[in-house]
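Hello,

Here is the structure I promised to hand over. My notes follow below it.

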Amino acid sequence: MEQLWLKSYPKDVPAMIDADKYPNALSMFDRSFETYPDKPAFVNMGQSLTYKELNEKSDAFAAYMQNELGMKKGERIALMMPNLLQYPICLIGALKAGLVIVNVNPLYTPTELQHQLRDSGASAIVAVTNFGNNLQKVISKTSLRHVILTHIGDELAPYKRTLVNFAVKYIKKMVPAYHLPNAISLKKVITNGKKLPFEAPELSGDDIAYLQYTGGTTGVAKGAVLTHRNIVANVLQVDAHFSPRTLRDKEHVVTPLPLYHIFANSVSMMLMMHMGATNLLITNPRDLDGFVKDLSRYPFTTFFGLNTLLNGLNRHEGFKKLDFSSANLTIAGGMATQQHVAEEWQSITGMTVVEGYGLTECSPVVAGGIHTQQHFKPSIGVPLPSTELRIVDESGAPMPVGGIGEIQIRGDQVMQGYWNQEAETKQVLTEDGWFSSGDIGRMDEEGFFFIEDRKKDMILVSGFNVFPSEVESVATLHPHIVEAGAIGVSDDVTGERVKLVVVTNQPVSVEEVRKHCKKHLTNYKVPKEVEFRDELPKSVVGKILRKDLR
């Protein structure tokens, strides 16, 4: 069964890639640094960062980590910022120093931030000053020794830097007061680092590159251990799968998805750097007016997005008036793309939406639509090169074509396991390398795979995982909420939204419940609906039956 998908593969896509082609993730970019030194690698807020500047500034960052902070290979460093030029500088620099990246969602509440920093054992963090207040609240409960702060406009030209930083702090009031007396300025790190020697540590494919946090298929957030070889493999797999349709070093791509999310990190950033492309980073894609203004000045060829964003732009009158003459391809991931959204997008832009499917534990992409397709296909596509997908029943036995069961994945991009979570790892990884996705699907006669449902109760809001147990735990901290059950309900904009069903011992308003949850949860996890009941459906052992709530 594993070979059936070859029938659907274009002849110009190889069945296999060499995951050992590069000794580590950094070596994938050597050619780009050498061949395109003066070409913009990234563009943000009208400012460009060339490949040469990226190489030099990341060297300086690495040198400072080694010499001034004394950080050693294998130590964890958290990166907590939106899409800014500072992000690739710090990420590449940290990897050059042999450090392990811990990507942090800047919108995390102190509760969520504390868990991730403590669990990863991060000893350093680079954060935007906007989030210094939250960091201040938890730093004493973590193992952080070094805090590096940057202002949003710090990589812009001097005049614009001053203007943007002033506006963000004093006009928009987006920087709550914080007290981090030992914090270092990122500008100082790079300036002083340029004067220091940098000695590249020996990095093999087996060295850890990322602890990428996810809820996985069960429980609270866990760190998926992704090695340099995992990252190299996935970049080469996606490259081989889609490259015949790309313009290689002539690509001008748009990245509105956050780089702290593994899909944007591995595909939008790593793959495009490997190609020598130019990448427009969108800091705040929710500001559609500003987003469209950026697009109007940038002749983009490839667009990375997800259903929520595509749907929003479809309805923006300014977007419809843009020049799409250079537009070539849209790659969507993070959540299922709705067919009507993809078709409307193609009618406006001329770009076919090709979906990719992946999981954090798989670095992340494991399947995608084929590059030759001219119209959207409501399928997660076919496996990438050097990737096996299969459908198994509840006993783990492979199912025939058309059978509905759990999707399992095997390939060079699959994680090594969850950080310090041996029992959780054994639940999802078999001894012969099959990863259980938690998604229920099927394969058709042509080898295309389809998602039918999710095995677990995870809720997917705009591509982000929301786990009911976390929402329920927070809800029941309220003194008058006795029991709570969280489920996902369909939403035309975000795919799903969180609904909370509660039992109380005193009257509580919907707004009071939501206000309570907002104290502990990132916005997309906060219940949009609250329903009150006298009791919740339970199993014979007292477990709340979310399937009955749905």
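Thr360 is buried, at a relative accessible area of 15%; buried means under 20%, exposed over 50% and partly exposed in between, with a 1.4 Å probe and protein chains only. Its place is the loop between strand E14 (352-358) and strand E15 (365-368). Beyond neighbours within four places in sequence, Thr360 is in contact (heavy atoms within 4.5 Å) with Gln212, Tyr213, Thr214, Ala224, Leu226 and Ile262.

The model is predicted: local features need pLDDT of at least 70, side-chain atom pairs count only at pLDDT 80 or more, and totals for chains, interfaces and linings use all residues. Residues are numbered from 1 along each chain as its sequence is written, and side-chain values use heavy atoms, leaving out hydrogens and water.

Now the rings. Rings of Phe, Tyr and Trp (its six-membered ring) pair if their centres lie within 6.5 Å; planes under 30 degrees apart are stacked, over 60 edge-to-face, the rest tilted. That rule gives 11 aromatic pairs. Phe464 and Tyr524 have ring centres 4.9 Å apart and planes at 25°, so they are stacked. This pair links distant parts of the chain, 60 residues apart: Phe464 is in strand E22 (residues 464-466), Tyr524 in the loop between helix H16 (510-518) and strand E25 (529-532). Tyr524 is buried, at 13%. Elsewhere, ring pairs join Phe291, Phe300, Phe303, Phe319, Phe324 and Trp345 into a cluster.

Helices (H or I, at least four residues) and strands (E, at least two) are DSSP runs, numbered from the N terminus. Helix H8 (residues 228-242) has 14 of its 15 residues buried.

Best regards
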